[in-house]
Amino acid sequence: MLRLPAFTYLAPSSLTAAVRMIADQQPEDAMLVAGGTDLYPNMKRQQFEPKRLVGLRRLRELRFLSGDARHGLTIGAGMTLTEVSQHQEIAARYPALATAASLVSTPQLRNMGTIGGNLCVDTRCNYYNQTYWWRQAIGFCMKKDGEICWVAPGSSRCWAVSSSDTAPVLIALNAQVNLLGPQGERVIPLCDLYRDDGMVYLGKGNDEILTHIIVPPATGWRMGYFKLRRRDSFDFPILGVAAALRLDDDGTCLEARIVLGAVTSFPVLATAAAAALVGQRLTPESITAAAAAAFKPAKPLDNTDLMLSYRKKMVRVHVARVLRQLAGLPIRPSHDVHE
Ligand SMILES: Cc1cc2nc3c(=O)[nH]c(=O)nc-3n(C[C@H](O)[C@H](O)[C@H](O)COP(=O)(O)OP(=O)(O)OC[C@H]3O[C@@H](n4cnc5c(N)ncnc54)[C@H](O)[C@@H]3O)c2cc1C
Ligand code: SF4
């Protein structure tokens with residue numbers, strides 16, 4: 001059994017106190033923790049070795065959900081994934097978000113895990129998500145304790161994979177996030193929170209707390225999320241496809257956003273695929289063209305589950321499936337993967 005190393009848990013009673021506490025620490029010594037469902041397993045494997053954790057769990061200021069589909073939603077970062085997936089307005093009017101939240105890991109982890117933690121979840125790699133002793137046996141890698149990248153040994157960067165389920169959906173919905181730190185507050189598009197870097201994958205300071213997510217109105221939008229993984233009951237995504245489309249009364253696509261998760265170190269906006277749909281009706285032909293355009297920017301590497309060639313092929317299949325669902329067309333069976 002892996003044991004959690006010793007650390008000091010700081011329990012602020014307000015958001016202001018939490019900002020002060022994290023800002024008072026040396027960045028390399030302290031981390032924020034919400035549900036702990038990603039952080040604690042990582043600490044057991046010594047991927048993170050903070051001396052102090054600033055707990056966000058008790059903060060009522062992070063536990064709220066307001067608004068509606070007509071005006072948009074504001075979701076506190078401390079809402080659990082269960083609460084998000086089962087919220088009536090989200091389930092009815094933001095079904096892609098409800099689906100993505102409901103597909104994260106297991107019920108127990110969704111009861112503890114928060115939406116804020118899900119957006120900040122660590123990047124993953126087969127050579128990194130291992131025990132300390134496993135990683136030591138191969139001489140570690142540059143994401144923690146080592147110097148080389150075992151996936152691309154000639155590379156000067158880490159290619160660990162962005163593995164959040166809700167991030168692709170919220171980017172497809174054009175969501176923004178509010179960050180609060182010692183220098184004050186700022187609102188940024190969620191897509192700008194992520195960096196193309198498996199190690200420093202978030203474009204925010206260690207002392208900035210993600211307080212809430214601002215989701216635009218859903219009126220007039222259709223949306224969906226498809227996830228690929230080996231075990232449907234448990235696993236992280238090895239591909240996530242989110243799509244949001246706005247159609248006119250004739251069914252012509254006015255706006256489209258398609259986002260690919262788990263294909264590289266950040267959620268990728270498949271802009272060419274979206275552009276291929278705008279001005280078109282959702283027909284099998286336009287869907288096939290968009291799926292082909294989404295296939296090109298997806299460049300998964302051999303560092304997550306299942307074969308690389310299969311995961312790449314599944315980008316086209318899952319994009320077609322999610323678009324067919326939004327078009328009300330039958331979704332083709334899995335043997336179409338081999339087309
Ligand atoms: C077996 C298993 C399966 C899993 N499967 C999936 C899966 O399928 N899909 C998926 O997306 N995730 C999965 N996870 C990861 C995790 O459970 C979820 O991502 C969860 O939503 C993380 O939320 P949390 O509140 O527990 O985050 P924590 O573990 O508390 O924190 C995660 C990271 O976010 C930071 N953080 C947390 N809250 C904030 C905040 N408000 N502001 C700034 N930084 C913050 C922490 O510092 C830490 O770096 C899995 C985990 C396990 C153990
Ligand atoms: S991509 Fe390379 S550097 Fe990054 S975690 Fe994997 S092996 Fe390590």
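This note sets out points on the cores, strands, selected residues and cavities of a predicted model.

1. Nonpolar cores. The largest nonpolar core holds 43 residues, and the members that touch the most others are I75, Y94 and I213. For I213, leaving out residues up to four places away in sequence, the residues touched include L73, T74 and I75. I115, L119 and L170 are also touched by I213, as are A175, Q176 and V177.

2. Strand β6 and its partners. Strand β6 spans residues 176–181 and is mostly covered, with five of its six residues buried. With strand β7 (residues 184–189), β6 runs antiparallel, and six bridges join the two. The two strands form a hairpin in which two residues lie between β6 and β7. Within this pairing, L180 has E185 of β7 as its bridge partner. β6 also pairs with strand β8 (residues 209–215), again in the antiparallel sense, over five bridges. Here L210 in β8 stands opposite L179.

3. Helix α1. This helix covers residues 15–23, and its buried residues are L15, A17, A18, V19 and I22. The elements that cover these buried residues include β2 (30–33) and β3 (52–55). β6 and β8 are also among the elements covering the buried residues of α1.

4. The four-stranded sheet. An open sheet is built from four strands in the order β9-β10-β11-β12, and the pairing is antiparallel. Its edges are β9 (221–228) and β12 (268–269), each of which pairs on one side only. Between them, strand β10 (residues 239–247) and strand β11 (residues 253–261) run antiparallel and are joined by eight bridges. In that pairing, V259 of β11 is the bridge partner of A242.

5. Residue S163. Where does S163 lie? S163 is placed in the loop between α8 (132–137) and α9 (166–172). S163 counts as buried because its relative accessibility is 6%, and the cut-off for buried is under 20%. The side chain of S163 reaches the backbone oxygen of V161 at 2.8 Å. With neighbours within four places in sequence left aside, S163 is in contact with V121, R124, F236 and P237.

6. Residue A101. Helix α5 (residues 95–102) contains A101. Is A101 buried or exposed? A101 is buried, because its relative accessibility is 0%. Apart from neighbours within four places in sequence, the contacts of A101 are L81, V84, S85, R110 and T166. L254, by comparison, is 153 residues from A101 in sequence, and the two C-alpha atoms are 27 Å apart in space.

7. Cavities. How many cavities of 30 Å³ or more are counted? The count comes to three. The volume of the largest cavity is about 80 Å³. This cavity is lined by 14 residues, of which C125, C141, C149, V151 and C158 are the closest to its centre.

Conventions:
Residues numbered from 1 in each chain as written. Chains lettered and ligands numbered in written order. Predicted model: local features only at pLDDT ≥ 70, side-chain atom pairs only at ≥ 80, totals over all residues. Heavy atoms only, no water. Core = buried A, V, L, I, M, F, W, Y, C linked by side-chain atoms within 4.5 Å. Buried < 20%, exposed > 50% of the residue type's maximum accessible area, 1.4 Å probe, protein only. Contact = heavy atoms within 4.5 Å. Pairing = 2+ DSSP bridges. Polar contact = N/O pair within 3.5 Å; in protein donor to acceptor, adjacent residues only side chain to side chain. 1 Å grid on protein atoms, 1.4 Å probe; cavity = no way out; pocket = protein on both sides within 12 Å on 5 of 7 lines; lining within 4 Å. Points joined across faces, edges and corners; volume = space filled by probe spheres on them.
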